[in-house]
Amino acid sequence: EDQQATHERLENWARYVAVKCPHWVSPMWRQGRSGGRQWHVPELAPVVDTLDGHKIEKAVGLLPVPHRDALRWSYVYKTNPSKPRRALGVTDEGLIRLIRDGRQMLLNRRV
């Protein structure tokens, strides 16, 4: 409960640092979207607070490596947890603890 505000700021940070597809790469036709708006309702992207995202990026970069990597996996990459678990040498519970402790470290540092 006390980490909810930090969680929301980390969600904003994830949108700020999200890896975007370069402009020269074309998607496959099967997964491409139509340019015509008449076929689907427009999807409104949430607004990104770039100043806060940059502040969080700097703060996450100063965290200890396991906590930093766990937060990046959890918020930015969002892949299967087996790869970060192996890389960090922890269990599922250990990975969750690293994420929770990383958020708490950001709270303690008043970021």
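**Helix packing, core and salt bridges**

The axes of α1 and α3 come within 9 Å of each other and cross at roughly 70 degrees. Axes here are lines fitted to C-alpha atoms, for helices over the stretch in contact, with angles running from 0 to 180 degrees between N-to-C directions. The two helices, α1 and α3, are therefore roughly perpendicular to each other (65 to 115 degrees; under 35 counts as roughly parallel, over 145 as roughly antiparallel, the rest as oblique). The model is predicted: local features need pLDDT of at least 70 and side-chain atom pairs count only at pLDDT 80 or more, while totals for chains, interfaces and linings use all residues. Residues are numbered from 1 along each chain as its sequence is written, and side-chain values use heavy atoms, with hydrogens and water left out. Helices (H or I, at least four residues) and strands (E, at least two) are DSSP runs, numbered from the N terminus.

On the α1 side, the contact with α3 is made by H7, L10, E11, W13, A14 and V17. Helix α3 contributes L71, R72, Y75 and V76. Contact means heavy atoms within 4.5 Å. By class, the residues of this α1 and α3 contact are seven nonpolar, one polar and two charged. Ala, Val, Leu, Ile, Met, Phe, Trp, Tyr, Cys and Pro count as nonpolar, Asp, Glu, Lys and Arg as charged, and the others, Gly among them, as polar.

Helix α1 (residues 4-17) also packs with helix α5 (residues 92-108). Their axes lie 10 Å apart, at an angle of about 100 degrees. This pair, α1 and α5, is therefore roughly perpendicular. From α1, T6, H7 and L10 take part. They meet R103, L106 and L107 of α5. The contact of α1 with α5 holds three nonpolar, two polar and one charged residues.

The largest nonpolar core has 16 residues. Such a core is a set of buried Ala, Val, Leu, Ile, Met, Phe, Trp, Tyr and Cys residues joined through side-chain atoms within 4.5 Å. Those with the most contacts inside the core are L10, W13, V60, L71, Y75, I99 and L106. Two or more residues come from each of α1, α2 (50-61), α3 (65-77) and α5. Helix α3 gives the largest share, five residues. I99 touches A70, L71, W73 and S74, not counting residues up to four places away in sequence.

The structure holds four salt bridges (a side-chain nitrogen of Lys or Arg within 4 Å of a carboxyl oxygen of Asp or Glu). One of them joins the side chains of R9 and D52 at 2.4 Å, N to O. This pair links distant parts of the chain, with R9 in helix α1 and D52 in helix α2, 43 residues apart. R9 is partly exposed, at 22% relative accessible area. D52 counts as buried, at 14%. Buried means under 20% relative accessible area, exposed over 50%, and partly exposed in between (1.4 Å probe, protein chains only).

A further salt bridge connects the side chains of E57 and R72 (3.2 Å, N to O). E57 lies in helix α2 and R72 in helix α3, so the pair ties together parts 15 residues apart in sequence. E57 is partly exposed, with a relative accessible area of 23%. R72 is buried, at 19%. The side chains of D69 and R68 also meet in a salt bridge, at 3.6 Å, N to O. D69 is partly exposed, with a relative accessible area of 30%. R68 is partly exposed, at 22%.
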